[in-house]
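Subject: Structure for you to look at

Dear colleague,

I am passing on the structure that follows, together with notes on what was found in it. Please keep it open while you read.

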Amino acid sequence: MKTKVFTRIFPVVALALMLLCSADLQANDLEAAKSKKNEHSLPENVPGQKSKKWYKKQVKKFATELNIPLIQLAYKTPDRYFCFESAQFDFVTESDCTTVYQACSISKVVFSYLVLQLYDKGIIDLDKPLWEYLGYVEERFQDAYPDNPEKSAQNVERAKLVTARMVLTHGTGLPNWARKSSPSGAKLRFAFKPNAKHRYSGEGMWYLQRVVEHITGSSLEQLARKYVFDPLGMTSTSYEWRPEYAQQAASGYYSDFRTSGQRKSMKSNSAYSMRTNVKDFSRFIEALMEGKFLKPETHKMMLTAWRPINNAGKYFGLGIRINPNEGTEWGPVWGHTGSNRNFRCRFWIMPEKKTYMVYFTNSANGAKIHSKLMSIFQPNYNGSEF
């Protein structure tokens with residue numbers, strides 16, 4: 001009897017499971033389809049506007065003049081979206097925007113977005129001193145002045161003041177990078193009391209990374225995959241070297257065309273090690289503009305002008321540069337630049353105009369192209385430089 005009941009029930013249960021799985025798959029496919037549609041629903045070309053081909057021709061001319069082997073660029077307005085890669089010399093090859101570049105300091109923006117998601121979940125408090133999460137002051141802050149115990153003690157006390165908010169707004173007083181060749185080795189010395197003013201610091205971001213990894217028990221890459229890369233479908237993006245990058249990653253070039261290679265040994269670091277392409281990073285920009293995965297108040301907080309940068313009309317929000325452009329037709333501009341050895345990149349967003357650009361280069365000369373790009377993509381812009 002039990003066997004007969006089982007044989008009658010089993011097909012029903014199996015069918016139910018198949019339907020549930022099918023529903024899940026359909027939901028995933030629908031979500032993927034929506035994402036793909038959002039990426040490609042805008043035309044590349046618009047009547048009455050310069051064509052994608054025209055822009056690529058101009059960019060190729062600029063890059064050739066500046067000895068930039070490769071440049072990859074994405075541009076979006078309310079009317080259009082396009083991306084392209086341009087190879088200027090025969091020792092590099094163009095792709096369909098799939099070449100992976102070092103994103104340099106743009107890595108900090110993605111890491112900041114991740115940290116703010118942790119803040120929303122109550123995992124980290126932006127205003128709690130970071131040393132309290134560790135339970136000790138890191139050795140790098142101690143004995144920073146071997147010949148001056150008083151200054152060393154002051155350095156430790158300053159380390160006890162540093163919070164995530166200070167790191168994200170670049171107000172810790174830490175250097176960009178400590179010099180191992182200095183008398184103190186790789187010790188971290190504060191230039192001023194934390195939160196007093198602005199000082200751009202990669203060391204601050206790396207310190208926050210170590211604390212976040214300690215709190216969560218997960219690596220930077222694991223956290224980035226969970227909170228940013230996988231949810232946004234950024235399948236080519238990573239803070240770590242991946243085997244497929246051997247075929248996908250661009251090599252860097254000095255001004256005289258000597259190559260520094262792909263730098264496979266570059267270690268995972270929230271301040272500079274992310275690799276990506278403009279297709280993937282466009283997905284992140286869209287999420288950033290929308291505030292996806294963040295509470296509305298947290299999204300607003302991230303994009304508030306918190307800390308002035310040398311009284312130049314520019315500020316840092318939480319991990320991102322903000323140019324308010326108050327009193328102009330342009331509205332605020334959000335963005336960040338990036339500079340690793342022989343890689344230069346930049347992105348900017350005009351949220352009120354629903355317009356953005358991101359570009360990556362594999363050249364020490366890459367930053368020189370910025371003003372030329374602005375001359376064709378935003379020729380009438382007269383706001384604060386970004």
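**What was found**

Asp96 counts as exposed, with a relative accessibility of 55%, where exposed means over 50% relative accessible area, buried means under 20%, and partly exposed lies in between (1.4 Å probe, protein chains only). This is a predicted model, in which local features need pLDDT of at least 70 and side-chain atom pairs count only at pLDDT 80 or more, while totals for chains, interfaces and linings use all residues. Residues are numbered from 1 along each chain as its sequence is written, and side-chain values use heavy atoms, with hydrogens and water left out.

Asp96 forms a salt bridge with Lys279, and the closest N and O atoms are 3.5 Å apart; the term stands for a side-chain nitrogen of Lys or Arg within 4 Å of a carboxyl oxygen of Asp or Glu. This pair links distant parts of the chain, since Asp96 sits in the loop between strand 2 (81-87) and strand 3 (101-102), whereas Lys279 belongs to helix 10 (residues 278-290), 183 residues apart. Helices (H or I, at least four residues) and strands (E, at least two) are DSSP runs, numbered from the N terminus. Lys279 is partly exposed, at a relative accessible area of 30%.

Because Arg165 lies in helix 6 (residues 164-168) and Asp127 in the loop between helix 3 (107-120) and helix 4 (130-134), the pair ties together parts that are 38 residues apart in sequence. Arg165 is buried, with a relative accessible area of 17%, while Asp127 is partly exposed at 45%.

Arg225 and Glu221 form a salt bridge as well, at 2.9 Å from N to O. The two residues are about one helical turn from each other, because they are 4 residues apart in helix 8 (residues 220-232). Both Arg225 and Glu221 are buried, and salt bridges with shared partners join Glu221, Arg225 and Asp230 into one network.

Leaving aside neighbours within four places in sequence, the residues in contact (heavy atoms within 4.5 Å) with Phe281 include Ile106, Val110, Met234, Phe347 and Phe360.

Most residues other than glycine have a negative phi. Asn195, although not a glycine, has a positive phi of about 80 degrees; Asn195 is found in the loop between helix 6 and helix 7 (202-216) and is partly exposed, at 43% relative accessible area. Lys354, also not a glycine, has a positive phi of about 50 degrees. Lys354 is found in the loop between strand 11 (343-350) and strand 12 (355-361), and is exposed at 53%.

For the whole protein, there are 12 helices and 12 strands, and buried residues make up 52% of the 386 residues.
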